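Please read the points below with the coordinates open beside them.

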Amino acid sequence: MTPQITVLAGGVGAAKLLSGIIQAHPPQDVLAVVNTADDTKLHGLHISPDIDTVIYTLAGAVNPDTGWGLSGETWNAMDALERYKGITWFRLGDRDLATHMFRTHRLYQGSNLATVTAEIASAWGLKLTVMPVTNDPIQTKITTPDEGEIDFQDYFVRLRHNVTATAIRIDGAKQANPCPGLIDTLSSAQTIVIAPSNPIVSIAPILAVPHIQPTLKSQRHKVVAVSPIVGGKAIKGPTDRLMRELGHECSVVGIARIYADVACALVIDEADAHLALQVHNAGLTPIVAPTIMHDVPTATALAKTVLNAVPPASTSSYPSNP
Ligand code: FO1
């Protein structure tokens with residue numbers, strides 16, 4: 001069955017919305033297309049943070065305080081690494097390490113990231129499809145005044161994103177291929193959701209993979225985005241700062257302008273209801289609803305709003321009116 005609901009996903013915000021979407025819609029008809037430009041190679045391991053945050057969250061195993069890694073973790077490997085003054089600023093829990101060891105071993109055996117991701121998701125009992133946007137290497141590179149161009153995890157974790165970003169590029173994007181079948185799935189999906197992830201470092205890398213943005217543009221009438229900005233602020237992470245540093249208005253209107261060519265509707269929080277007309281003037285239908293997800297019930301309510309935002313495809317054999 002071609003998944004009917006396709007969600008473009010980054011990390012924490014996307015994972016929370018997905019936990020609501022799989023309550024509101026049969027999970028076997030849901031596809032999460034996940035950003036892999038945060039991926040990093042450390043200790044010889046291939047780490048895919050956004051994929052693991054989605055899988056751990058939907059498996060009910062994520063560390064609820066951080067939104068990444070596993071709950072109830074132990075840190076013996078990290079503690080032991082201190083003896084050698086190894087790299088420990090990127091915290092890898094003992095059980096989380098098993099995920100990276102398994103992924104790295106399977107890739108070493110010649111498997112691809114989509115296949116290994118499906119094996120990991122299945123091992124956690126998930127019914128939805130979790131798919132990297134591409135099997136090819138893409139990496140977000142951030143330029144800062146003092147450090148020059150640095151890798152994403154150096155920006156996000158080592159420097160705690162306490163540095164100014166003056167430019168961002170997605171290394172490898174031009175040479176990357178969308179995962180097999182992804183373009184067809186996007187073209188035939190009933191609804192495409194742009195999750196409340198960071199538009200600049202989580203969604204933009206997905207759109208930067210060839211054919212993805214043009215496909216969304218052609219399917220714009222069924223694409224709905226959820227703003228990660230509420231009241232001019234990010235719920236989590238550096239979205240607001242990055243938007244300002246890179247010249248975007250840090251508001252739901254700024255988000256609307258970023259997504260205007262690929263989405264027909266934008267879900268904004270009630271705190272931003274007064275900006276609905278400006279969202280409309282940016283070319284998207286504003287949908288005002290509570291967008292802060294405290295738990296699965298609030299995520300499910302938001303998911304229902306999102307899934308109702310796009311009229312179901314007409315059942316007649318004629319193309320629906322434009
Ligand atoms: N984020 C942190 O702020 N500190 C960490 O030490 C850290 C470790 C880590 C390990 C595995 C993993 O999958 C994610 C991890 N993250 C950590 C989060 C990660 O940097 C972010 O999830 C994404 O890259 C941005 O969404």
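The numbered points go from the basis of the model to the ligand and then to the loops.

1. This is a predicted model, in which local features need pLDDT of at least 70 and side-chain atom pairs count only at pLDDT 80 or more, whereas totals for chains, interfaces and linings use all residues. Residues are numbered from 1 along each chain as its sequence is written, and side-chain values use heavy atoms, with hydrogens and water left out.

2. The ligand sits in the largest pocket. A pocket is here an open set of points, on a 1 Å grid over the protein atoms alone, where a 1.4 Å probe fits and with protein on both sides within 12 Å along at least five of seven lines; a molecule sits in it if more than half of its atoms lie within 2 Å of its grid points.

3. The shell around the ligand holds 13 residues, of which the closest are Asp 38, Pro 49, Asp 50, Arg 91 and Gln 153; a residue is counted if one of its heavy atoms lies within 4 Å of the ligand. Helix H6 makes the largest contribution, with four residues, and helix H2 (49-58), like H6, supplies at least two. Helices are DSSP runs of H or I with at least four residues, strands are runs of E with at least two, and both are numbered from the N terminus.

4. Oxygen atoms of the ligand lie 2.7 Å from a polar side-chain atom of Gln 153, 2.9 Å from a polar backbone atom of Arg 91 and 3.0 Å from a polar side-chain atom of Asp 38. The protein covers 90% of the 530 Å² of accessible area that the ligand has on its own, as computed by the Shrake-Rupley method with a 1.4 Å probe.

5. Gln 153 belongs to helix H6 (residues 152-158) and counts as buried because its relative accessibility is 7%, buried being under 20%, exposed over 50% and partly exposed in between (1.4 Å probe, protein chains only). A polar atom of the Gln 153 side chain also lies 3.1 Å from the backbone oxygen of Asp 38. Beyond four places in sequence, the residues in contact with Gln 153 (heavy atoms within 4.5 Å) include Trp 89 and Phe 90.

6. Two residues in loops deserve a look. Lys 85, between helix H3 (76-82) and helix H4 (94-108), has a positive phi near 55° although it is not glycine, and its relative accessibility of 73% makes it exposed. Arg 160, between H6 and strand E8 (167-171), is also a residue other than glycine with a positive phi, about 50°, and is exposed at 57% relative accessible area.

Technical notes: A polar contact is a pair of N or O atoms within 3.5 Å; within protein, one must be able to donate a hydrogen and the other to accept it, and residues adjacent in sequence count only if both atoms are side-chain atoms. On a 1 Å grid over the protein atoms alone, a cavity is a set of points where a 1.4 Å probe fits but cannot get out, and a pocket is an open set with protein on both sides within 12 Å along at least five of seven lines; lining residues have an atom within 4 Å of a point.
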